[in-house]
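Subject: Structure handover

Hello,

Here is the structure we talked about. My notes on the ligands, the annotated domain and a few residues follow it.

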Amino acid sequence: MQSLGGIRSWPATWRTTTASMTTTTTESVRKVAQVLTVAGSDSGAGAGIQADIKVCAARGVYCASVITAVTAQNTRGVQSVHLLPPDFVSEQLKSVLSDFEVDVVKTGMLPSPEIVEVLLQNLSEYPVRALVVDPVMVSTSGHVLAGSSILSIFRERLLPLADIITPNVKEASALLGGVRIQTVAEMRSAAKSLHQMGPRFVLVKGGDLPDSSDSVDVYFDGNEFHELHSPRIATRNTHGTGCTLASCIAAELAKGSNMLSAVKVAKRFVDSALNYSKDIVIGSGMQGPFDHFLSLKDPQSYRQSTFKPDDLFLYAVTDSRMNKKWNRSIVDAVKAAIEGGATIIQLREKEAETREFLEEAKSCVDICRSNGVCLLINDRIDIAIACDADGVHVGQSDMPVDLVRSLLGPDKIIGVSCKTQEQAHQAWKDGADYIGSGGVFPTNTKANNRTIGLDGLREVCKASKLPVVAIGGIGISNAESVMRIGEPNLKGVAVVSALFDQECVLTQAKKLHKTLTESKREH
Ligand SMILES: Nc1ncnc2c1ncn2[C@@H]1O[C@H](COP(=O)(O)OP(=O)(O)OP(=O)(O)O)[C@@H](O)[C@H]1O
Ligand SMILES: Cc1ncc(CO)c(N)n1
Ligand SMILES: [Mg+2]
């Protein structure tokens with residue numbers, strides 16, 4: 001029997017290895033971890049090939065796919081299965097394995113002994129670093145995806161080559177000739193028996209174990225057992241958990257992880273994904289898919305957080321000292337500002353305690369979202385992430401914009417304070433959405449802040465490829481003079497004291513909105 005090399009023989013430095021890669025340029029090349037999944041297609045895309053590709057993408061690993069069968073499948077069950085001819089499966093395998101530097105092969109639905117045979121042949125011709133075998137046999141809905149005809153070739157030839165096998169309790173039982181597996185103790189003894197068939201590691205999954213408040217998987221390395229526990233999540237969206245777990249193990253191995261760490265990360269990934277998507281509704285059947293990217297957004301809130309430059313029109317920036325002085329909560333201040341016509345809100349709470357600020361920020365997100373107004377957080381990226389704000393505003397000495405972007409992802413709003421043309425240019429290059437420019441007039445809100453005046457503002461606007469909001473000492477009496485500079489990308493004014501260092505925020509917001517609307521009409 002040919003060895004696949006196995007994960008234990010990986011060079012420790014493989015991640016930076018570039019020598020074996022062919023390239024037509026002399027530039028350095030970046031090695032990308034690669035998985036090949038050999039599995040069936042699930043038309044509902046919760047399991048099979050589709051799940052495998054999503055998991056790898058979510059884990060930062062490239063995933064090629066060889067399809068063994070096509071299923072007509074949805075959340076109600078499997079309606080029909082069409083096997084691909086073994087020769088054609090072989091052609092796909094050759095195609096990928098002869099070209100790509102596949103690190104790990106992961107198998108799912110292998111529906112006939114002939115298909116297993118062509119897989120074995122190709123693996124002996126093109127060895128890979130690790131083989132993850134998820135012995136898919138029966139769908140959770142009860143449909144047979146691979147019948148008993150595959151059992152002997154699995155036992156005798158595929159399992160001995162596997163670095164890890166990941167049967168659920170039913171599959172473990174089938175591989176062992178029908179033994180009873182209904183307890184964690186029986187899972188342990190099954191793992192031990194399966195290990196004797198030759199795989200280096202065994203993970204018996206307990207997702208379908210009856211009467212268990214925990215979801216327990218049993219891992220066996222030939223010597224030691226590990227029980228991986230997580231609270232069972234009450235959700236209908238468990239379709240594809242098995243494929244997800246195995247693909248995540250493959251992805252982590254491809255990145256260079258050892259087996260136990262890969263399995264632990266994979267279990268946590270399934271757990272977080274299930275938790276995150278426990279309430280989503282896709283399809284009308286008994287078992288729904290979940291969100292591998294942990295990010296299917298409520299379309300309502302998603303739509304509201306898209307940023308338009310005109311949102312900068314009346315930009316309200318909160319200030320904790322002023323709220324304290326006037327004895328109101330941030331939430332009340334924000335409500336009043338929005339009611340008076342504020343078009344975007346920034347929470348700038350320099351002195352707030354983190355825990356308290358987070359709670360207030362969450363309430364403000366709810367208010368802003370229900371009013372279709374974007375909410376930004378000043379400087380505190382952590383708070384913005386934790387409360388799912390629409391974005392952040394950062395200064396020149398805060399975290400760099402490109403790093404903020406990588407932390408917040410592509411859809412969040414990032415604003416940057418800029419006093420100079422160079423800063424405005426840099427903000428645009430780094431991927432900001434707008435800039436705030438000032439102080440236009442002297443202000444008490446920000447100590448030691450250089451005033452750039454209307455001329456400075458004009459300069460920055462001229463250089464900026466991004467929309468601009470003016471800030472610093474602006475109020476009802478001078479807002480018009482600011483807008484009158486007439487630069488087309490100057491979209492509005494940001495105010496602090498003019499709204500919040502006032503007895504009635506609502507009245508001041510209304511007045512300011514009126515002034516701005518009039519000056520817009522005139523210019
Ligand atoms: N409700 C749940 N809550 C938490 N973890 C779960 C739940 N259901 C399954 N899991 C976990 O998901 C992983 C897959 O286990 P499971 O036994 O469901 O595999 P499977 O039956 O092959 O999956 P499927 O056939 O639905 O793709 C395991 O780590 C298991 O512990
Ligand atoms: C194609 C396919 N592979 C695997 C599973 C197991 O979840 C499934 N339901 N469908
Ligand atoms: Mg299951």
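A nitrogen atom of ligand 2 sits 2.7 Å from an N or O atom in the side chain of Gln73. That is a polar contact, meaning a pair of N or O atoms within 3.5 Å; within protein, one must be able to donate a hydrogen and the other to accept it, and residues adjacent in sequence count only if both atoms are side-chain atoms. On its own, ligand 2 has 290 Å² of accessible area, and the protein covers 92% of it. Such areas come from the Shrake-Rupley method with a 1.4 Å probe; for residues, only the protein chains shown count as cover. The residues around ligand 2 include Gly40, Ser41, Val136, His239 and Cys243. "Around" means that a heavy atom of the residue lies within 4 Å.

Before you go on, note that this is a predicted model: local features need pLDDT of at least 70, side-chain atom pairs count only at pLDDT 80 or more, and totals for chains, interfaces and linings use all residues. Residues are numbered from 1 along each chain as its sequence is written, chains are lettered from A and ligands numbered from 1 in the order in which they are written, and side-chain values use heavy atoms, with hydrogens and water left out.

Ligand 1 has 20 residues around it. Lys205, Ser215, Asp217, Ile233 and Lys267 come nearest.

- Ser215: a polar side-chain atom at 2.5 Å.
- Asp208: a polar side-chain atom at 3.1 Å.
- Thr238: a backbone N or O atom at 3.5 Å.

Taken alone, ligand 1 exposes 630 Å², and the protein buries 93% of that.

Now the domain. An unreviewed UniProt entry lists residues 42-285 as "domain: Pyridoxamine kinase/Phosphomethylpyrimidine kinase". UniProt positions are in the numbering used here, feature names are shortened, and annotations may be inferred rather than shown by experiment. The span is 39% helix and 20% strand, and its end C-alpha atoms lie 15 Å apart. Helices (H or I, at least four residues) and strands (E, at least two) are DSSP runs, numbered from the N terminus.

In H7, 13 of the 15 residues are buried. Buried means under 20% relative accessible area, exposed over 50%, partly exposed in between (1.4 Å probe, protein chains only). Gly256 follows H7, with a positive phi near 115 degrees.

Three further residues are worth a look.

Gln346 is in strand S11 (residues 344-347). Its relative accessible area is 3%, so Gln346 is buried. The side chain of Gln346 makes a polar contact with that of Tyr315, at 2.8 Å. Gln346 also touches His393 and Tyr434, among others. Touching means heavy atoms within 4.5 Å.

Phe313 is in the loop between helix H9 (299-304) and strand S10 (314-317). Phe313 is buried too, at 10%. Among the residues it touches are Thr343, Lys491, His513 and Leu516. The C-alpha atoms of Phe313 and Leu203 are separated by 58 Å.

Thr515 belongs to helix H19 (residues 505-522). At 17% relative accessibility, Thr515 counts as buried. A polar atom of its side chain lies 2.9 Å from the backbone oxygen of Lys511.

Best wishes

Note on methods: Lists of a residue's contacts leave out its neighbours within four places in sequence.
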